[in-house]
Amino acid sequence: MKNRLTSQIKKSQNQLHQVINNVVKSRYWRQNIVFKILLSLTCVLVVIFAGMTIDKAPTQTATASAFNYKTSWLGNTIGKGRLRVQNNIEAMYVTANGQIYTNSIWDEDGLEAGIYKDGQVIGILEDLHGWYRLGGKAVTANSKYIYVAMSQGSMSGEKEGYPPDGKTWYCVRRYNLAGKPVPFAGGNGWDQSMFIISEKGEVTGLATVGNKLFVSNADANIVRIFNTETMQEMGKFAVTNPGGIAVDPRGTLWIIQNKKGSTSGKIFHYDQTGKKLPQQIVDVVDPTAIAIYQQDRLLVAENGIRQQVLIYNIKNKPVQVGTFGTKNGIYSGVPGEVNNLKLYGITGVGADSAGNLYINNNGFNRSGTDLRKFSSSGKLQWQLLGLIFVDNADTDPKSDGVNLFTKHEEYLMDYSKPAGKQWTYKAYTLNPFKYPQDPRLHTSPDGPIFRRIQGKPFLFLTDMFSSFLQIYRFQPTTDGKIAIPAGMFVGTSDQGKAINGNWPPHQPAKGEWIWRDKNGNGAFDQNEYDNSQDYPYIGGWWVDTKGDVWKTLRTQDGIRHYPLQGLDSKGNPIYTYRSMQKEKTPSIFRDLRRIEYFPETDTMYLSGFTVDHPASGDDWGVVGSEIARFDNWSQGNRNPRWRTVVPYDTTGKREVSTAAMSVAGDYVFAVTVKTAEVYVYNAATGKLVHKFGPGPEVGGKSGWVDIPHGIRAFRRANGEYLVFVEENLYGKVIIYRLPS
């Protein structure tokens, strides 16, 4: 995500802006009724005359008439209010009465660390968001305090309570049980509630016993001991790469030695002074969380291929006496298919005094929160989902809007149910064990486009910066619900390799490339690249209904068309630079952005900044100032049937701009960045016909829309329109249902 200051500041700015607008409307306009009437008549005349020509695009600012629509959502159990399921849970601690404290590095609305009870979000640990503060990957509590791992970055000009420029403090911060920071003598940070553990690496484990707080610092290969009340250091001892810590009823410590590279993790036993005891657990691969269960049992989250919670009797020599969850987790049975006992990406485990188990699945590469409570007999009691972060949805057109896909998940919809209850989480489509080079593990894609090509399903993903287009195929007989890496387009870099770092292997040293998985193994092999060189600044991507790929470049020679060359023997779409077609940008555009072409009608929709309405700055992430329709595109027509000006702030303040567009049926849909308002234009005329925003079902609120495909629309067989809109602030995708 872009650094936009803090979500608190953003919300305050929006509220202040609304107040000012209301004041202006209520006072100024009432005092100028005659002027208002004259202005309205003038606007009518402008619209009439503008409709007579296509040489200039009409500026449409009037709000269209009200109409009935419904708002719903998917991807988060809770659809409105700040107390919703957080984006990720990377650590958790469960108390004897079943209260859960969580922690994560980032949440879009500041819910890095939460408090959960009985399937509800009941609190937030405050002040871990903004001012260069972040959460972390460890949390624990005693009867008086909560202790969380967090980091504090530097702020230019701020000296007291902040690290020097270019430095980061990795800290333990102390809170009361209500989620308020509690300062202490000698504390660090702006409110003296932080203790600096390191300037090199994060805190990786926390636990308390009596008046002692144990803190793992993997970077330094050490566990430090602090007084829980005074926060004065009491001691320390060496542990190689320490992680999570559990305290057994005898007061001794079980400490994870984290997996590092190809070296498997282990679990070692220590007393409170740091003396290493003989007991150890070595029959694990990737232990990521640990907790005590029913006095003499130890729960170990095994995040390797087994994807299970392992249960050990630790009364004497540790002996594995059981497991919880299906072996191989979500990759067992039908791979990717969601089931109560199929776990994946386990980051948290705990138990209460009644023997209930609590397990969090976070997927891979921070896919999202899937927090579950099980009874002591293994029956699911409740599940909380927060699966969406910088994402949108699209439908498999064959399903008529019933099967929806996001970048990692598949959902099944039942539109007869109430808002927010219509979706069922059906599948997790990423398999890091079979396809470790899956681009979703190495990049941050968003904005799915789902297509049927020659009857077969394909998922296409781009990213916030339009720097690539990823392609996935499905092969249910061998891979169930998993999306298999099939291809990838990457734009030209003007600084060497298209993607920095060691991934993907064998990529060309410069320019841009198309990768195709020729041997079907989902890996980037040496002979699988086609490369070229082109203008480096991309405006947008599109995949049409035939499977052709389109790309816009922000230049006058700016349209690239990659006709589908068929499917290879493995089922991958074939695209080549040899077959690529270059097309000129229509002369009305100065900076081309989005593109949507429909081969059935030979209709092209383009957006960008035009000669008549240029950009006030770079504004790299937006649609531009106009959308235009071109008929008979393949026959060479470059005269627009219509042009329309979309919301864009020409003052340079960027208070209003349009983030994304989507064409479906008889309408062109566009959505604004900050206000998340949806504008609906008649596809035949370009006239604005509707404008709407989040309904009461989601509290009338949305975060910013700031991804290129932040809106996707689909017309169902019954004429109803489904409009999917990114809603990142509160961790979901908004679904609008419009009548035919």
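Predicted model: local features only at pLDDT ≥ 70, side-chain atom pairs only at ≥ 80, totals over all residues.
Trainee: Are the rings of tyrosine 535 and tyrosine 537 stacked or edge-to-face?

Mentor: Ring centres within 6.5 Å count as a pair, and planes over 60 degrees apart count as edge-to-face. The centres of tyrosine 535 and tyrosine 537 lie 5.6 Å apart and their planes stand at 75°, so this pair is edge-to-face.

Trainee: Is tyrosine 537 buried or partly exposed?

Mentor: A residue is buried under 20% relative accessible area and exposed over 50%, with partly exposed in between. Tyrosine 535 has a value of 32% and is partly exposed. For tyrosine 537 the relative accessible area is 42%, so this residue is partly exposed.

Trainee: Which residue has its charged end over the ring of tryptophan 633?

Mentor: Arginine 440 lies over the face of tyrosine 472, 4.4 Å from the ring centre. Over the ring of tryptophan 633, at 3.4 Å from its centre, sits the charged end of arginine 638.

Trainee: Is serine 657 buried or exposed?

Mentor: Serine 657 is placed in the loop between strand E44 (642-645) and strand E45 (658-664). Its relative accessible area is 8%, and the limit for a buried residue is under 20%, so serine 657 is buried.

Trainee: Which residues does serine 657 touch, not counting those up to four places away in sequence?

Mentor: Contact here means heavy atoms within 4.5 Å. With residues up to four places away in sequence not counted, serine 657 touches Val622, Pro647, Tyr648, Thr672 and Val673.

Notes: Residues numbered from 1 in each chain as written. Heavy atoms only, no water. Phe/Tyr/Trp six-rings, centres within 6.5 Å; stacked < 30°, edge-to-face > 60°. Buried < 20%, exposed > 50% of the residue type's maximum accessible area, 1.4 Å probe, protein only. Lys NZ or Arg CZ within 6 Å of the ring centre and 35° of its normal. Helix = DSSP H or I, 4+ residues; strand = E, 2+ residues; numbered from the N terminus.
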